[in-house]
Amino acid sequence: MAPNKKMCNEQVGGDEKEVGRANWSKENLYLFCDLCIQYAEKSKGKRGATISQRMPWKVLEIEFQKKTSLTYDKNKLKNKWDWLRNRWSLWKALKGKETGLGWDHEKGTISASEEWWSKKIEKIYILKLF
């Protein structure tokens with residue numbers, strides 16, 4: 001049986017460094033998103049073009065640590081970035097250019113008819129098969 005990474009610690013130069021999954025609170029997630037947005041705004045090309053440079057992970061790591069006192073390394077931040085990007089892609093694929101959809105603030109979900117949901121779920125399921 002593999003060791004539980006959440007409970008493991010490794011020694012690095014006399015300091016203890018925690019290994020395992022990052023614990024993302026809602027506030028930390030919002031802060032991380034704000035830091036990424038700030039960087040994206042600074043690195044936009046001329047006339048609002050897309051981001052022209054790579055993410056400065058070391059800078060984000062330092063800024064995130066200053067504001068939260070959490071020592072998440074580049075891998076943890078990048079994993080969260082990749083997860084968020086995948087969820088955003090799914091959101092865009094799900095919503096598409098549909099009209100007549102609402103937003104349920106209590107549940108944090110799209111409000112649509114059962115028929116609409118059935119069609120979308122079937123479409124995404126078929127896309128995953130291929």
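Ring pairs join Trp-24, Phe-32, Phe-64 and Tyr-72 into a cluster. Here, rings of Phe, Tyr and Trp (its six-membered ring) pair if their centres lie within 6.5 Å. The model is a predicted one: local features need pLDDT of at least 70, side-chain atom pairs count only at pLDDT 80 or more, and totals for chains, interfaces and linings use all residues. Residues are numbered from 1 along each chain as its sequence is written, and side-chain values use heavy atoms, with hydrogens and water left out.

Across the whole structure, the search finds seven aromatic pairs. A pair of aromatic rings is described by the distance of the centres and the angle of the planes. Planes under 30 degrees apart count as stacked, over 60 as edge-to-face and the rest as tilted. The ring centres of Trp-57 and Trp-81 are 6.4 Å apart, and the planes stand at 75 degrees, so this pair is edge-to-face. It links distant parts of the chain, 24 residues apart: Trp-57 belongs to helix α2 (residues 57-68) and Trp-81 to helix α3 (residues 74-95). Trp-57 is buried, at 12% relative accessible area. Trp-81 is partly exposed, at 26%. Buried means under 20% relative accessible area, exposed over 50%, and partly exposed in between (1.4 Å probe, protein chains only). A charge also meets a ring: the charged end of Lys-80 sits over the ring of Trp-83, 4.6 Å from its centre. For this, NZ of Lys or CZ of Arg must be within 6 Å of the ring centre and within 35 degrees of the ring normal.

The protein chain has four helices and four strands. Their order along the sequence is β-β-α-α-α-β-β-α. Helices (H or I, at least four residues) and strands (E, at least two) are DSSP runs, numbered from the N terminus. Of the 130 residues of the protein chain, 18% count as buried. Contact means heavy atoms within 4.5 Å. Among contacts in the protein chain with a separation of 6 or more, 38% come from residues 24 or more positions apart.

Helix α3 packs with α2 at an angle of about 100 degrees, with the axes 9 Å apart. The two helices, α2 and α3, are therefore roughly perpendicular to each other. Axes are lines fitted to C-alpha atoms, for helices over the stretch in contact, and angles run from 0 to 180 degrees between N-to-C directions. Angles under 35 degrees count as roughly parallel, over 145 as roughly antiparallel, 65 to 115 as roughly perpendicular and the rest as oblique. From α2, Trp-57, Leu-60, Glu-61 and Phe-64 meet Lys-74, Leu-77, Lys-78 and Trp-81 of α3. This contact of α2 with α3 has five nonpolar, no polar and three charged residues. Ala, Val, Leu, Ile, Met, Phe, Trp, Tyr, Cys and Pro count as nonpolar, Asp, Glu, Lys and Arg as charged, and the others, Gly among them, as polar.

The axes of α1 and α3 come within 12 Å and cross at roughly 85 degrees. Leu-29, Phe-32, Cys-33 and Cys-36 in α1 meet Leu-77, Lys-80, Trp-81 and Leu-84 in α3. Seven residues of this contact of α1 with α3 are nonpolar, none polar and one charged.

Lys-120 lies in helix α4 (residues 114-129). Lys-120 is buried, with a relative accessible area of 8%. Leaving aside neighbours within four places in sequence, Lys-120 is in contact with Ala-93, Leu-94 and Glu-98.
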